[in-house]
Amino acid sequence: MTAVTATAGTTAAHGPRPLTGKVALVTGGSRGIGEATALRLAADGAAVALTYQSRQDKAGQVVKEIERGGGQAWAVRADSGAAEAVRASVTGTVERFGRLDILVNNAGIGVLGPFEEISLEDVDRVLRTNVRGPFLAAQAAAAHLAEGGRIISIGSCMAERVAFPGGTLYATSKAALTGLTRTLAKELGPRGITANLITPGPIDTDMNPADGESATMQAGLTALGVYGRAWDVAATVAHLAGEGGRYITGASIAVDGGFAA
Ligand code: NDP
């Protein structure tokens, strides 16, 4: 993926940092979109907790990068579908930083293949990570979020208006986040907490690298004709997390270069 730094592409250096005093938890913050999001929220002034599944080395690098920029960060191993680990990552964040303001449900996996060949094991693995994980994290976070709290989930354009043969399992899992987001918006709205979904198009990460035949096809299907960067998604997360997101809830926002246009 394109390398990102804690300051590149932000306006943080030019004014008061909009998330100063806020605390964010980013699931799957060790690589890709989660990494860019952790760095961006930290650059905007938030203290950031990030979870990872296996890449402790990468998570540690993100923490160091944030600390080098003068920010506060903490990485914790938490398999997205493991209830106790997810809850511990939330309570650990609150113990460490004193509060929780922003949850970014980012951790996810993709398994693609012909519908009739998808194994039961894959069904369970993908739903566990992409559905159970965000559900449990939102549930654990909701107990700590106060007025102004934010729940931001990363879905996919493949579950919205762009259906692809071979994407049944992934699209099924990501579609669940639409239901979660819209219902949470109504249920938590009276407490002043917002819930939104971002649906990225093709973004250059380990999951979907911007090279090869498939990448050329995906880029060609966008209006802009190019892949997106993890940083593009992180910028939208930062907008929703900040003052600009105050009156946005229950929304699904495409960051897809016009893939679904
Ligand atoms: P990457 O594969 O680059 O990174 C995935 C991140 O999620 C890593 O930090 C990984 O941790 C973590 N993760 C994976 N499984 C688990 C788990 N069970 N528990 C905890 N953490 C886990 O993916 P992307 O950055 O591309 O994707 C991020 C999100 O964006 C996903 O939800 C994906 O579905 C979505 N998305 C991506 C698109 C793209 O084109 N890239 C397009 C649309 C949506 P570790 O480093 O430890 O493995």
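Helix 1 gives the largest share of the shell around the ligand, three residues. Helices here are DSSP runs of H or I with at least four residues, strands are runs of E with at least two, and both are numbered from the N terminus. Helix 1 and strand 2 (47-52) each supply at least two residues of that shell. Of the 31 residues around the ligand, G28, G32, R55, G108 and T205 come nearest; a residue is near if its C-beta atom, placed from the backbone, lies within 6 Å.

You are looking at a predicted model, where local features need pLDDT of at least 70, side-chain atom pairs count only at pLDDT 80 or more, and totals for chains, interfaces and linings use all residues. Residues are numbered from 1 along each chain as its sequence is written.

What classes of residue make up the shell around the ligand? By class, the shell has nine nonpolar, 17 polar and five charged residues. Here Ala, Val, Leu, Ile, Met, Phe, Trp, Tyr, Cys and Pro count as nonpolar, Asp, Glu, Lys and Arg as charged, and the others, Gly among them, as polar.

Now for the helix pairs. Axes are lines fitted to C-alpha atoms, for helices over the stretch in contact, and angles run from 0 to 180 degrees between N-to-C directions.

| Helix pair | Axis distance | Angle |
|---|---|---|
| Helix 1 (residues 32-43) and helix 7 (residues 230-241) | 8 Å apart | about 45 degrees |
| Helix 3 (residues 83-97) and helix 4 (residues 120-142) | within 9 Å | roughly 40 degrees |
| Helix 4 and helix 5 (residues 168-188) | within 9 Å | roughly 15 degrees |

Angles under 35 degrees count as roughly parallel, over 145 as roughly antiparallel, 65 to 115 as roughly perpendicular and the rest as oblique.

Helix 3 and helix 4 cross at roughly 40 degrees, so helix 3 is oblique to helix 4. Helix 3 passes helix 4 in a right-handed crossing. In helix 3, A83, V86, R87 and V90 meet G133, L136, A137, A140 and A141 of helix 4.

How do helix 4 and helix 5 lie to each other, roughly parallel or roughly perpendicular? They are roughly parallel, and helix 4 passes helix 5 in a right-handed crossing. By class, their contact has 15 nonpolar, two polar and two charged residues.

Finally, a UniProt annotation from an unreviewed entry, "domain: Ketoreductase", covers residues 22-201; such annotations may be inferred rather than shown by experiment. Over residues 22-201 the chain is 47% helix and 17% strand, with the end C-alpha atoms 28 Å apart.

Definitions and conventions: Left-handed = near helix turned anticlockwise from the far one by under 90°. Contact = placed C-beta atoms within 7 Å.
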